[in-house]
Amino acid sequence: MKMEVEIISTDCIKPSSPTPCHLRNHKLSFLDQHIPHVQIPLVVFYSLDQEENLSRSDINHIVCERLQLLKQSISETLSPFYPLAGKIKDHCTIDCNDEGIYFAEARVDSLLSDFLSHPDIYLMSKFLPSDGTWEPNPGKYVAGVQVTTFACGGIAVGIFVSHMIADGTAFSWFLKSWAARARKNNEEEIHPRFDASSIFPYEDEYPREELLTPAVTSHLKFGKFLTKRFVFDATAIAKLKAEATSSSVQNPTRVEVVTALFAKCFMAALQPKPDTDKPFSLTHAINLRRKASPQFSEYMGNFVWAPPVVCKDAEADLQGLVGQLKQGIAKVNGDFVNCLQGDEGLHNFVEAIKYEREICDGAVDKIQFTSWCNFGLYDLDFGWGKPAWASTVGLNDSVTFYNTIVLMDTRKGDGVEAWASLLEEDIAKLVLDKELLAFATVDPNPLKYDI
């Protein structure tokens, strides 16, 4: 569908209380340096209850009140999340200058229900702030918000945050705290900690290029990337779990079985010959906070590691792939997290990177998975109900990018939405893959399927 998004106003929302001077320069950890400095995008859609057949003036009044509440509550939320109101100083520092988070108001003439009934994921980026803040360069914003109002009074809240300062878990904490502030629910607020650099200290003289995983950067691709949504309902998940379960694989999760199925189908599509001996590798991001002993609680930043899993058999079954995935994840344990800490942490980190490069050497291709499942995005209630849909954005451009699949919850929480961003020719194969389509629906209407 055609959709014109008109920007009405832009502003910088400052924290409700100033950041202390001793917190002005926020240092990034070496795990923050390890992550490519891109943005994490999210769009959350909210419908307006029209049971009372509201007039245009009533709708305008409600929208105005909601916009004001979002601004006031995000100002209050930025005080404890103060780096998000700053600017990027350099590759390892955020200037926490309280200049504020970028905040744009926009509107469209169409109805939210019309857009969601046939969602064009390539238009989703129009709901995100778009003043050039995507580039994570010195002087740029760390985070931004755009609130887009539809003609019916429904709204899309588009948010990005720099991966320099937060991983998906930390991003979700900020969103939950913002929603809790809006509802004046102090019990659900997060009390963030921004001292990860004391756990994983970065040495300024160390070249950042050495921290970027060679096994990942070597598989950057340039070409026409497209995104497709593959949605697995609860029934499909149950079937996949049953197929993946064996004497050696017990209680596979929905994330594990969906990951394994995609890996199986993608690997088969890439192999030029069934008997090729070139391996295929995948990575799946792991939250290190849960692996530490004791666990890291409410630490912001990037606590992520993505161990590679190398698969050599294009005919591997689901049980075998889930087993390999579990084995790869199991290697990231408390001992591993401990060895990354302290004076020897950076050295051990670099050695782990070198090990990844060696085991992935010669891989025919690579695909990276990240899971946003269980982030609670469908619980983001700012005081007018839970979201109708929570989504990321789609690619439809000639860019330099990675093969990436983002896994998200469905509305009921027992399914999985897989946002696959791959080269055009690879996506074309997957949308026709009979094994994948036996479990997933491609780009369904999020308002119609009961998942």
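Which residue in strand 7 does Arg107 stand opposite? Arg107 faces Thr149 there. This is a predicted model, where local features need pLDDT of at least 70 and side-chain atom pairs count only at pLDDT 80 or more, while totals for chains, interfaces and linings use all residues. Residues are numbered from 1 along each chain as its sequence is written, and side-chain values use heavy atoms, with hydrogens and water left out.

**The sheet**

- Six strands make up an open sheet in the order 1-6-7-8-3-15, and the pairing is mixed. (Strands are DSSP runs of E with at least two residues, helices are runs of H or I with at least four, both numbered from the N terminus; two strands pair if DSSP finds at least two bridges between them.)
- Strand 1 (6-13) and strand 15 (389-391) sit at the edges with a single partner strand each, so one side of each has no neighbour in the sheet.
- From one strand to the next, the twist averages 15 degrees. (Axes are lines fitted to C-alpha atoms, for helices over the stretch in contact, and angles between N-to-C directions run from 0 to 180 degrees.)
- Strand 6 (residues 101-107) and strand 7 (residues 143-149) are parallel partners, joined over six bridges.

**Helices on the sheet**

- Helix 2 (residues 56-78) lies across strand 1, strand 6, strand 7 and strand 8 (155-162), at about 170 degrees to strand 6.
- Helix 4 (residues 168-182) also packs on the sheet, touching strand 3 (39-46), strand 6, strand 7 and strand 8, and its direction makes about 135 degrees with that of strand 8.
- Ser75 belongs to helix 2 and is buried at 13% relative accessible area. (Buried means under 20%, exposed over 50%, partly exposed in between, using a 1.4 Å probe and protein chains only.)
- Setting aside neighbours within four places in sequence, Ser75 is in contact (heavy atoms within 4.5 Å) with Ile13, Lys14, Pro15 and Ser16.

**Aromatics**

- Searching the whole structure turns up 30 aromatic pairs. (Rings of Phe, Tyr and Trp, the last by its six-membered ring, pair if their centres lie within 6.5 Å; planes under 30 degrees apart are stacked, over 60 edge-to-face, and the rest tilted.)
- Tyr299 and Phe303 have ring centres 5.8 Å apart and planes at 50 degrees, so this pair is tilted.
- Tyr299 is buried at 9% relative accessibility, and Phe303 is buried at 0%.
- Lys87 lies over the face of Tyr141, 4.6 Å from the ring centre. (The criterion is NZ of Lys or CZ of Arg within 6 Å of the ring centre and within 35 degrees of the ring normal.)
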